[in-house]
Amino acid sequence: MSSEVLAHEHAAEHAPPRGFMRWITTTNHKDIGTMYLVLSLIMFFVGGAMAMVIRAQLFRPDMQLVTPLFFNQMATMHGLIMIFGAVMPAFVGLANWMIPMMIGAPDMALPRLNNWSFWILPFAFTLLLITLFLPGGGPQGGWTMYVPFNLQLGYGFPFMIFAIHLMGISSVMGAINIIATILNMRAPGMTLMKMPLFVWAWLITAYLLIAVMPVLAGGVTMQLLDRYFGTHFFSVAGGGSPILWEHVFWFFGHPEVYIMILPAFGIISEIIPTFSRKPIFGYRSMVYALASIAFLSFIVWGHHMFVVGMPVAADLFFMFSTMLIAVPTGIKIFNWVATMWKGSLTFETPMLFAVAFIVLFTIGGFSGVMLALVPADFQYNNSYFVVAHFHYVLVTGAVFAIMAAVYYWLPKWTGHMYNEFWGKTHFWLSAIAANVLYFPMHFLGLAGMPRRIPDYPLQFANLNMVVSIGGFVFGLSQLIFVAVIFSCVRAGKKAEARAWEGARGLEWTLPSPVPYHSFSTPPEIA
């Protein structure tokens, strides 16, 4: 047999898989990042469909489109899927795509672990969604899974617990991979204080994930033991306490909120300098602010529990430590504004989302300071004011940042430019609808409307109708987002090597020796 034939057979044996097997077996960070983002988009629409059921039920009082039990299941599943299925996988996908390129690494440090950490997730969400079709229905205790409500779940209970374990395993493996990549695979000369802020944000977020996901895993395992093995961790009858679950959950839950917003801070810190044509203002203070927010997130969990009867000293500690978070967060807001100040600004779609993030996330921050006040929180607790607060943080915050990142990096990922007109159409519809959807919820909450109820008194009818209309418009406008991405991937015009350098045809220069950089580089190396 000739050497040419042998070489051909050897190449055929070792050729990379094609088609579907390529995606199952891939260890390429870009492929895995793409799969994370696609899964996130699918889950975004699944969770969004559940939100549409909620808003349709609340469009007017006494509609009773669904049973109260199914309404509770929709509210619970909406929260779990949006947090664990939409926001977190999107940020991990962006990390997979961008971190190796930003630090000059050939790939992630642990590529096979990377593949495994993704492929766990589709099975986890399948298990979670299956609970809706089992006797007893899906989870009903809210995304917080409070006992004893959660223990009333039927056959779906162990499925839900196992799904949460799988999500946690995936998150911890992804975090280990990100830390190993950043600490061990930076290009020569890239010290920690020369890394782009998106990389810094994810390095800190990864440590948070490793610290808090095992706490949630322990808590849900205790629920499993209570349900099937006769323990009484959370049962008053056996000497346990439901308040113990609240402490365990919120010790995980509050850092989790920052796990969903710190990568968003990193994204905004990349986009604002690019469209301001200036290096980021106060690079070091931005890094220290990220670290401060992460540290403080561990000592404020009790502000979710002011109404459970903690000692006054504990209430005061959690109140003051919560208000302290406003300091590093304010530093970040002021530094973004200072970066834009006297910059050569243009407002393409990523910049529009970034500016909207700054304005609308700040609204969520202000309402968070209000909720941090113990006497006021007694009034706001479990009302629609809280719903308005965390949706301003997580939708107009985290989700808007993810959308900004997709528009910003699509030219780099695909080699094509998206349609700017439709991108801006998507932004304006989303921004207006989101405010119509969430802002009136503040007034509903202050007027006394409780959250998670399928019906309400007549005095809340008009505002609820407005909120539901805003929700339907927001949901439908996301179809434009999908169409823009699809058309960009398939047939967008060719992107320039530095897609945003001459945005809108603007010829701009910076005083030498400060050249433009694609990523937010600190002034000393710009």
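The model is predicted, with local features requiring pLDDT of at least 70, side-chain atom pairs pLDDT 80 or more, and totals for chains, interfaces and linings using all residues. Numbering starts from 1 along each chain as its sequence is written, and side-chain values use heavy atoms, without hydrogens or water.

Confidence to begin with. pLDDT is the predictor's confidence in each residue, from 0 to 100. The protein chain averages 90, and 92% of the residues score at least 70. Over residues 504-526 the pLDDT is below 50, yet that stretch has 54 contacts in the model beyond near neighbours in sequence; a contact means heavy atoms within 4.5 Å.

Next, the second largest pocket. Its volume is about 550 Å³, the space filled by probe spheres set on grid points joined across faces, edges and corners. A pocket here is an open set of points on a 1 Å grid over the protein atoms alone, where a 1.4 Å probe fits, with protein on both sides within 12 Å along at least five of seven lines; lining residues have an atom within 4 Å of a point. Of the 23 lining residues, L37, V38, L41, V406 and I485 are closest to the centre. α15 gives the most, seven residues.

Last, helix α10, residues 283-296. What should its 14 residues span at 1.5 Å a residue? The expected span, 1.5 Å times one less than the number of residues, is 20 Å, and the end C-alpha atoms are 20 Å apart, which agrees. Helices are DSSP runs of H or I, at least four residues, numbered from the N terminus.

Key. Helices (H or I, at least four residues) and strands (E, at least two) are DSSP runs, numbered from the N terminus.
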